[in-house]
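Subject: Structure handover

Hello,

Please find the structure below, followed by notes on what was found in it.

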Amino acid sequence: MLDVLVAVHLLAATVWVGGSTALIFVGVPAIRILEGEPRGRAMKELGLRWRPLGYGALGVAALTGIALASREWSSDTAFQIVFWTKVVLFVCLVAASYAHNFVLGPRLQGEIREGREPRTRPTLVVVGWISYSLTVALPILGVALDRIVN
């Protein structure tokens, strides 16, 4: 059962990390060549198609991560530090991703649609890179936890 739990956790993390990487380095640059309304529509469509898959995978990774941590729980100080760091960074990832996708993205779309200066864009980009940095950090901490336990 433990092997299945680990496999599902790793597959879910792979979908989140791989999908985020593909969006950042393939999807968004391809859409940037568009202008005006087609660009806005394409970005919105990309986000809407990604959300169920990405957030579903993130949810599965969280649930399986909790199950794995409860099975491997250790009072070792190193385990506790890495585990709680991972939990805090996961919460930060969810908050940053939420802000990026449900607050800043729609705000920028509104600015563009109304012909206003896109003042939200720099903040959206920074929050996006923070989200991606957290996305990369979490599996690294997962490896550290595995090394501590095993």
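**L93 and its surroundings**

Leaving aside neighbours within four places in sequence, L93 is in contact (heavy atoms within 4.5 Å) with W16, L58, S131, L134, T135 and L138. This is a predicted model, in which local features need pLDDT of at least 70 and side-chain atom pairs count only at pLDDT 80 or more, while totals for chains, interfaces and linings use all residues. Residues are numbered from 1 along each chain as its sequence is written, and side-chain values use heavy atoms, with hydrogens and water left out.

L93 lies in helix α3, residues 77-113. Helices (H or I, at least four residues) and strands (E, at least two) are DSSP runs, numbered from the N terminus. L93 counts as buried because its relative accessible area is 0%; the classes are buried under 20%, exposed over 50% and partly exposed in between, with a 1.4 Å probe and protein chains only. The C-alpha atoms of L93 and S133 are 8.8 Å apart in space, and the two residues are 40 apart in sequence.

Two of the residues that L93 touches, S131 and T135, have entries of their own. S131 is found in helix α4, which covers residues 121-149. With a relative accessible area of 10%, S131 is buried. Beyond its neighbours within four places in sequence, S131 has contacts with L93, A96 and S97. T135 also belongs to α4 and is buried, at 2% relative accessible area. Not counting residues up to four places away, T135 touches W16, V17, S20 and L93.

**α1 against α4**

Two packed helices are described by the angle between their axes and the distance between the axes. For α1 and α4 the angle is about 145 degrees and the axes are 10 Å apart. Axes here are lines fitted to C-alpha atoms, for helices over the stretch in contact, and angles run from 0 to 180 degrees between N-to-C directions. The contact is made by W16, V17, S20, T21, I24 and F25 on the α1 side and by W129, Y132, T135 and P139 on the α4 side.

The crossing of α1 and α4 is left-handed, meaning that the near helix is turned anticlockwise from the far one by less than a right angle (right-handed if clockwise).

Elsewhere in α4 is T123. T123 counts as partly exposed because its relative accessibility is 41%.

**Salt bridges**

Side chains of opposite charge can pair when their charged atoms come close. The whole structure has 3 salt bridges, each a side-chain nitrogen of Lys or Arg within 4 Å of a carboxyl oxygen of Asp or Glu.

- R49 pairs with E45, with the closest N and O atoms 2.7 Å apart. Both lie in helix α2 (residues 36-72), 4 residues apart, which is about one turn of the helix. R49 is exposed at 63% relative accessibility, whereas E45 is partly exposed at 38%.
- E114 and R116 meet at 2.8 Å, N to O. E114 is exposed at 54% relative accessibility, and R116 is partly exposed at 45%.
- R119 and E117 meet at 3.9 Å, N to O. Both of these residues are exposed.

**Surface patch**

M1, V4, V8 and V60 form a nonpolar patch on the surface, with about 370 Å² of accessible area together. Patches are made of residues with over 30% relative accessible area and no salt bridge, where like charges are joined within 9 Å and nonpolar side chains (Val, Leu, Ile, Met, Phe, Trp, Tyr) within 5 Å. Accessible areas come from the Shrake-Rupley method with a 1.4 Å probe, and for residues only the protein chains shown count as cover. V4 is placed in helix α1, residues 2-32.

**The chain as a whole**

The protein chain has 4 helices and 0 strands, in the order α-α-α-α along the sequence. Its C-alpha atoms fill a box of roughly 55 × 25 × 20 Å, taken along the principal axes. Of the 150 residues in the chain, 29% are buried. Among contacts between residues at least 6 apart in sequence, 71% join residues at least 24 apart. The chain exposes about 9300 Å², and carbon and sulfur atoms supply 69% of that area.

Regards
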